Amino acid sequence: MKNREKELKTLLSITHQINTGLTVEEVLDYAYKTLHAIIPYDRIGFSLLEENDTLLRAYWARSQASEVKIGKGYFAAIKGSSLEKVLQTQEPRILNDLEAYLKDHPDSKSTKDIVAEGMRSSLTCPLIASGKPIGFLFFSSREPCRYQDAHVGLFQEIAGQLALTLEKSRLYEQVVRFNDLKNKFLGMAAHDLRSPIAVIKGYADLFTEGLMGDLDAGQKEPMRAIARLCDKMLALINDLLDVSTIESGHLTMEMREVDLGAYLAEVHRNNALLAKSKSIELILEIPKTLPKVWMDPFRIDQVINNLITNAIKFSAPKSRIVLRVVPSEETVAISVTDQGQGIPSAEISKMFQYFGRTTVLPTAGEKSTGLGLAIAKRMVEAHGGKIGVESEPGKGSTFTFRLPLKPS
């Protein structure tokens, strides 16, 4: 009983370590390194069932042999093989003398290969997850009869724990693959859409400006509408391209030292006209002297422009928006404060999520993709900074992001 208790405690400790792995390879590598404490082996192999459980494909193997004969990609049919019975019974199978087994089954290629690796006994454990077989775990030893006195219940427990962990890891890998595929598709679709829409907008602008012939008043307005809709589509496409770039891990930064005072003065000038078109005053509050900041000006442009554009969307005419800068020893805080409607506290957590929307509506019916703040957050984090918001319904909002003064 004491030995059994010790085995279970050791298994629990090992299982905890193994569970820290995310990918199938990580899980199996942990298993190979740690299971020696309770199981004898010189080799472990892992195979998965495929094509409606008719095919078994080797996915991973670790061996002390100088050459691994049955490695990743090795496959065999299940029907008619000795493993078919193991699947049916769902019980571990022990072969105490692989050389003797090979004499009795000379056509077994897998046995021939494993013997060629120097293995002389084996333990095959079926892996069952959610009541369904998913594959096998093969323990092998260079010594004959190594598993003769094995406690089969312990191996079943190990196989059961590993099956759940491996299934979790397989699902995780599938999610990663699908996410990567989604990002590639998103990037390709957005890239292919941008060029024709830009061409349509270009022609609409040419017609509106009279460069393609004279248009009467009734014709000019539809052309202006086409150009405006193209601008909205291009903004959405650019956002989608940014999302694809960020999520695929391919976001590049062109970092350089920037004179923050001159930079923000230009940002203020560019956005003041947009605010004025809605009868909103955009104020710049900065100290007389500001430190230089190491950043990508184009990316930070996206952040600040998004914060100011949002403030304008959700503010009423005749109100004020303040672009403020507060430097400290190691960072600089840039904030945009509006006198708008504010955000309910229960909805603040949505603000920096993709397609995160709140119940607060733009004051002039402006449209929003729900991507801008999520992109801004990732741009700031790529600089080693942080972004947040303070808001109270009816009293406006302050969005603040901090950037380190020096490159991290």
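**Exercise 1. Into which classes do the residues lining the second largest pocket divide?**

Let's sort them: the lining has 18 nonpolar, twelve polar and five charged residues. Here Ala, Val, Leu, Ile, Met, Phe, Trp, Tyr, Cys and Pro count as nonpolar, Asp, Glu, Lys and Arg as charged, and the others, Gly among them, as polar. A pocket is an open set of points on a 1 Å grid over the protein atoms alone, where a 1.4 Å probe fits, with protein on both sides within 12 Å along at least five of seven lines; lining residues have an atom within 4 Å of a point.

Before going on, note that this is a predicted model: local features need pLDDT of at least 70, side-chain atom pairs count only at pLDDT 80 or more, and totals for chains, interfaces and linings use all residues. Residues are numbered from 1 along each chain as its sequence is written, and side-chain values use heavy atoms, leaving out hydrogens and water.

**Exercise 2. Which strand gives the most to this lining?**

Strand β2 (residues 55–63) does, with five residues. Strands are DSSP runs of E, at least two residues, and helices are runs of H or I, at least four, numbered from the N terminus.

**Exercise 3. Which strands stand at the edges of the open five-stranded sheet?**

Step one: write the order, β8-β10-β11-β13-β12, with mixed pairing. Step two: β8 (281–285) and β12 (386–392) each have a single partner strand, so one side of each is left without a neighbour in the sheet. Strands pair if DSSP finds at least two bridges between them.

Step three: β12 and β13 (residues 396–404) pair in the antiparallel sense over seven bridges, and Ser-391 stands opposite Ser-397 in β13.
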